[in-house]
Amino acid sequence: NSHKIESILQDIGIEENIFPQFNEVVCGNDIEIKTSIQNYSDDKIYHLTVSYKIDNNPIQSVNWNGVLESNSSLELAIANETLSEGEHELFIYTSSPNITRDVNTSNDTIVLNFMIVNGQSLNIEVQTDNYAEETTWQITNDFGEVAYNQNNLLSNTLNNETLCLSSDSCYTFTIFDMYNDGICCDFGNGYISINNELFSGEFNS
């Protein structure tokens, strides 16, 4: 399908970079670059180009075709990259709205730094009962050393933690309850979720 493109001023830009963000610490070496593109024009945008560069690597470009309404935005997955541990710079910019010149280049570009940390991401959710002050949890490594602990949970709340753990160790998650009656089901319907795998809130200690 072809679209009739009006001969008006075209203006697109980067509203924000969704991932990675400014100074974000990223767990693991694999990332998917996602950005939010805004149409600042008074007309629809049917074509645009997004280009990016990481550190001193060559510039890569991605063409998008579709319909982006006036004063609307879209989330665009640009690329997947595997990066080394350490700090990196991402340079990303838009161009060629409707295969023509962008009249306002001041909103086209974002430059940001982010950090890659070797490890595995772990998402822990604890849905507490009425007495969260009785409940604590910890993560220990192969040597029994406490890598992380949480003793400040909120009652009747889905308490969420995202951690980055070293890939060089195995870990044990242990949850404790001061009164040995767990977090389910006499005083609420608590449960535990680790990377979306559910565990019962019924335990003794």
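Select N98 to begin: with a relative accessibility of 4%, N98 counts as buried (buried is under 20% relative accessible area, exposed over 50%, partly exposed in between, with a 1.4 Å probe and protein chains only). The model is a predicted one, in which local features need pLDDT of at least 70 and side-chain atom pairs count only at pLDDT 80 or more, while totals for chains, interfaces and linings use all residues. Residues are numbered from 1 along each chain as its sequence is written, and side-chain values use heavy atoms, with hydrogens and water left out.

**Positive phi**

Stay on N98 and read its backbone torsions. Phi is near 50°, a positive value in a residue other than glycine. N98 sits in the loop between β7 (86–95) and β8 (109–117); strands here are DSSP runs of E of at least two residues, numbered from the N terminus.

Next, select N196. This residue also is not a glycine, and its phi is positive, about 70°. N196 lies in the loop between β14 and β15 (197–200). Its relative accessibility is 70%, so N196 counts as exposed. As background, most residues other than glycine have a negative phi, and most peptide bonds are trans.

**Cis peptide bonds**

Move to F19 and P20. The peptide bond from F19 to P20 is cis, with omega near -10°. P20 belongs to the loop between β1 and β2.

Then select C184 and C185, which are also joined by a cis peptide bond, with omega about 20°. C185 is in the loop between β13 (172–177) and β14 (191–194).

**Cysteines**

Keep C184 and C185 selected and show the side chains. The two form a disulfide, with their sulfur atoms 1.8 Å apart (a disulfide is a pair of cysteine sulfur atoms within 2.5 Å). The torsion about this S-S bond of C184 and C185 is about 80°, so the disulfide is right-handed. C184 has a relative accessible area of 13% and is buried, whereas C185, at 41%, is partly exposed.

The structure holds two disulfides. For the other, select C27 and C164, whose sulfur atoms are 2.1 Å apart. This pair links distant parts of the chain: C27 is in strand β2 (residues 25–27) and C164 in strand β12 (residues 158–165), 137 residues apart. The torsion about the S-S bond of C27 and C164 is about 80°, so this disulfide is right-handed. C27 is partly exposed at 22% relative accessibility, and C164 is partly exposed with a relative accessible area of 36%. Counting bonded cysteines along the chain, the disulfide pattern is 1-2, 3-4.

Now select C170. C170 is exposed, with a relative accessible area of 54%.

**The three-stranded sheet**

Finally, select β1, β3 and β6. These three strands form an open sheet in the order β1-β3-β6, with antiparallel pairing; two strands pair if DSSP finds at least two bridges between them. β1 (12–19) and β6 (73–82) are the edge strands, each pairing on one side only. From one strand to the next, the twist averages 30°; axes are lines fitted to C-alpha atoms, and angles run from 0 to 180 degrees between N-to-C directions.

To end the tour, pick I12, which stands opposite N39 in β3.

Note on methods:
Helix = DSSP H or I, 4+ residues; strand = E, 2+ residues; numbered from the N terminus.
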